[in-house]
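Here is my notebook from a first walk through this structure. Follow along with the view below and look things up with me.

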Amino acid sequence: MLSLLLACAPPSTVLPPGDLGQALVKGPKVLWEAQVGRMTWRSRMVQDGAVLLVPSNGDEWGTGPDARDGLWVLDGRKGSTELHLLVPETTPARERDVNGVLVTEAGWTVSTDQNGLLQWSRQGALNWHVEMGGDIEFPPSVWRSPEGLRVVGAVERASQLVTVDPETGESATLRVPNGFEKAFSQVAAGDLNGDGVQDLVIAGRHSHQLIALDGQSQRALWQHEGHIYQASPQIVDVDGDGAPEVISAFADTVLISEGATGKPKLVYKTPGARYATVHAFTWWPQAQCLIIPRSRVDASVSCVSLEGELIWSLPILSQRISAAPTLADVDGDGTNEAIVATEGGRVLAVNAQGELLWAWTAPDAIEAPVFAGDLRGDGRTTLVVASHDGWVRALKTPGVAGGVQ
Ligand SMILES: [Ca+2]
Ligand SMILES: [Ca+2]
Ligand SMILES: [Ca+2]
Ligand SMILES: [Ca+2]
């Protein structure tokens, strides 16, 4: 009878008010760890077959180079370093931080501070290097342009995008019209108007614009103005009707717009949200809601429907959040949980009902989104957590890799 009762016990623990550290399941075991320097909230780890690519800002964000700057290529099973690729030196010597990485057939393209975009082959040879004289603060994106596949990045202090042929390194600039200046987001690419060519969406912090560019004509399809759009826009078909939406955010507001026209579909305010964290949202198809972390006042993680209804909210006291939640199955039931990481060093697994499955604690603050994928080739989800102590740690879970969203 006792074993039956245990078997029927709910697998999750609803988060109690008070200290997050109490009464919680501790979470998965560490599989391996590697010292690679720090990642920022703008960076993401990316898997390429058997290796995990970690873009690192090194030991510090100062103006000089440091020993751990660069792209770290880790064995996904063991965490051992296969390659540590350094951005070419500059004169005078400047930081050599890597802000993001994109995998294409041609190799690994990274965005860097001061040095623009460059690409390494899988053997670590420098394929090409496009210097832009400005930081590219966010990971590069892939754009299926009218001329074929391009890598695209936004130069932080300019009103232009740089696009590069990933095979040849031939580069071009794409000037953003309508008074756009000083890009500050990853570029989102997707066909918004259904003409078969991917369009681009970008946020400008200083000109207070969110602008959608027609990929064919490179003119504005639509734009929103008047706010500091602090989030990297995302192109997602949130209502499943085949036409994409654009998710973005400014101040304390998350905005979902019709992709073709820019017409707002959802304007959701999260009063008291910390300015820098409302961008850290993730659309959760299975739960049909946007996961929005809210810091500062009544800190919480909320699940908000496309109609603006608060489906559930999980309190997370005194824990700021910079990282966008990651969706992955971590308990083996084949459906995804949201993996939420906090600046208090917590990693929380929350199911679609808003119940907390477990909490794992890193030794330091977490800014970058948690990586989830099958790094061991066993079909199970491995999580990788980057924290400010400069280490990444892989966590073994029984989750089904690539579980239902
Ligand atoms: Ca650095
Ligand atoms: Ca289009
Ligand atoms: Ca849609
Ligand atoms: Ca699950």
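**Entry 1: the whole chain.** I began with burial, and found that buried residues make up 49% of the 405 residues in the chain. I keep in mind that this is a predicted model. Next I asked how the overall size fits the chain length. A compact globule of 405 residues would have a radius of gyration near 22 Å, and the chain has 21 Å, so the two agree. Along the principal axes, the C-alpha atoms fill a box of roughly 70 × 45 × 35 Å. I also looked at contacts between residues at least 6 apart in sequence: 49% of them join residues at least 24 apart.

**Entry 2: helices and strands.** How many helices and strands does the chain have? I counted one helix and 32 strands. My note on strands in general: they pair within a sheet through backbone hydrogen bonds, either parallel or antiparallel.

**Entry 3: a hairpin.** I went to β4 (residues 69–75) and β5 (residues 81–85), which run antiparallel and are joined by four bridges. Leu 74 stands opposite Thr 81 in β5. Five residues lie between the strands of this hairpin, and Gly 79 takes a positive phi near 80 degrees there.

**Entry 4: a sheet of four.** Then I traced the open sheet whose four strands come in the order β10-β11-β12-β13, with antiparallel pairing. Which strands are at the edges? They are β10 (141–145) and β13 (171–175), and each pairs on one side only. Ignoring direction, neighbouring strands of this sheet are turned by 35 degrees against each other on average. Inside the sheet I picked β11 (residues 148–154) and β12 (residues 160–164), an antiparallel pair with four bridges. Val 152 stands opposite Thr 163 in β12.

**Entry 5: another sheet of four.** I found an open sheet with the order β18-β19-β20-β21, and its pairing is antiparallel. Its edge strands are β18 (234–236) and β21 (264–269), each of which pairs on one side only. From one strand to the next, the twist averages 20 degrees. I followed β20 (residues 253–258) to its antiparallel neighbour β21 and noted five bridges between them. In this pair, Val 254 stands opposite Tyr 268 in β21.

**Entry 6: the core.** Which residues have the most contacts inside the largest nonpolar core? I noted Ile 339, Val 347, Val 370 and Val 385, in a core of 108 residues. I stayed with Ile 339 and set aside its neighbours within four places in sequence. Its contacts then include two of those core residues, Val 347 and Val 370. Also on its list are Pro 325, Thr 326, Ala 328, Val 330, Ala 349, Ala 372 and Leu 383.

**Entry 7: a lysine in a loop.** My last stop was Lys 26, in the loop between α1 (2–8) and β1 (29–35). Is Lys 26 buried or exposed? It counts as exposed, because it has 10 C-beta neighbours inside 10 Å, and the cut-off for exposed is 12 or fewer. Leaving aside neighbours within four places in sequence, Lys 26 is in contact with Trp 358 and Trp 360. I also took one distance: Lys 26 and Val 187 are 161 residues apart in sequence, and their C-alpha atoms are 37 Å apart in space.

Technical notes
Residues numbered from 1 in each chain as written. Chains lettered and ligands numbered in written order. Predicted model: local features only at pLDDT ≥ 70, side-chain atom pairs only at ≥ 80, totals over all residues. Core = buried A, V, L, I, M, F, W, Y, C linked by C-beta atoms within 7 Å. Buried ≥ 20, exposed ≤ 12 C-beta atoms within 10 Å, placed from the backbone. Contact = placed C-beta atoms within 7 Å. Pairing = 2+ DSSP bridges. Helix = DSSP H or I, 4+ residues; strand = E, 2+ residues; numbered from the N terminus. Axes fitted to C-alpha atoms, helices over the stretch in contact; angles between N-to-C directions. Rg over C-alpha atoms; globule rule 2.2 N^0.38 Å.
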